[in-house]
Amino acid sequence: MRCRKCGVNIDGNLVNCPLCGAHVGEENPKSIYGYPSVAEKNAKALFLRISLFVTVISMAIVLVIDFAVDNRIVWAWHVIFGFAVAWLCVGRPILKRFNVRKYLSWGFAGVIALLFYLNYWINSFADPWAFTLGAPIAVLTWQGVLAVLGIAHKPERPEYWMSATKVFILSAICIGVSFLWIKTCYWGWYVCTGVGFIEVLSLSIFAKEKYFSELGKRLHV
């Protein structure tokens with residue numbers, strides 16, 4: 001079969017497209033991955049416009065108050081960053097109707113961004129604890145959640161496999177970044193990379209055909 005939305009080839013036993021998530025069967029036309037109705041689109045567009053308007057007005061008020069009190073922008077950046085993270089990690093997934101996997105992925109990305117932001121404002125990365133300790137803990141938690149949900153959600157299991165593979169690659173890249181940035185690598189990224197390697201190795205052994213087939217689809221090979 002081919003996906004009606006993006007055109008990628010799909011195995012006959014899959015319910016949703018592995019690339020875009022669109023529902024590929026006809027037996028469940030009300031699937032959340034199907035095309036939304038016109039009324040639903042209009043409601044989402046109205047909610048988006050109202051939320052965006054409130055956000056912009058709030059940020060403008062905060063900037064004006066901050067500048068009026070301190071004659072420069074001091075603390076307003078924290079509020080603006082908070083709005084940005086909320087939009088990217090909560091608002092966007094809700095509006096796009098992301099599944100659990102994508103929603104959690106954006107949530108963990110927001111947590112890591114928040115850690116880096118706090119690290120910058122506290123000591124300007126003089127001690128990069130967000131990278132050496134905070135981010136590895138978040139990634140390790142992320143890996144555990146993906147493993148649990150991958151076991152629990154059998155129909156979407158290949159999606160979790162690919163997410164776990166991406167996190168493994170990210171952890172390995174961060175080891176290289178550690179040596180380039182701080183000339184050493186702390187235990188956190190080694191642990192994350194080790195856990196990711198074990199997950200990928202297990203998939204390569206116990207789910208070899210399905211895992212490599214899904215990997216080939218994602219790489220278009």
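These are my notebook entries on a predicted model of a protein.

**Ground rules.** I number residues from 1 along each chain as its sequence is written, and my side-chain values use heavy atoms, leaving out hydrogens and water. Since I am reading a predicted model, local features need pLDDT of at least 70 and side-chain atom pairs count only at pLDDT 80 or more, while totals for chains, interfaces and linings use all residues.

**Overall build.** I looked up the elements and found seven helices and zero strands; helices here are DSSP runs of H or I with at least four residues, strands are runs of E with at least two, and both are numbered from the N terminus. The C-alpha trace spans about 65 × 55 × 30 Å along its principal axes.

**Burial.** I then checked how much of the protein is buried (under 20% relative accessible area, with a 1.4 Å probe and protein chains only). Buried residues make up 35% of the 221 residues.

**One residue up close.** Which residues does W189 contact, leaving aside neighbours within four places in sequence? Counting heavy atoms within 4.5 Å as contact, I listed F131, A135, P136, V139, S171, C174, I175 and S178 for W189.

Definitions and conventions
Buried < 20%, exposed > 50% of the residue type's maximum accessible area, 1.4 Å probe, protein only.
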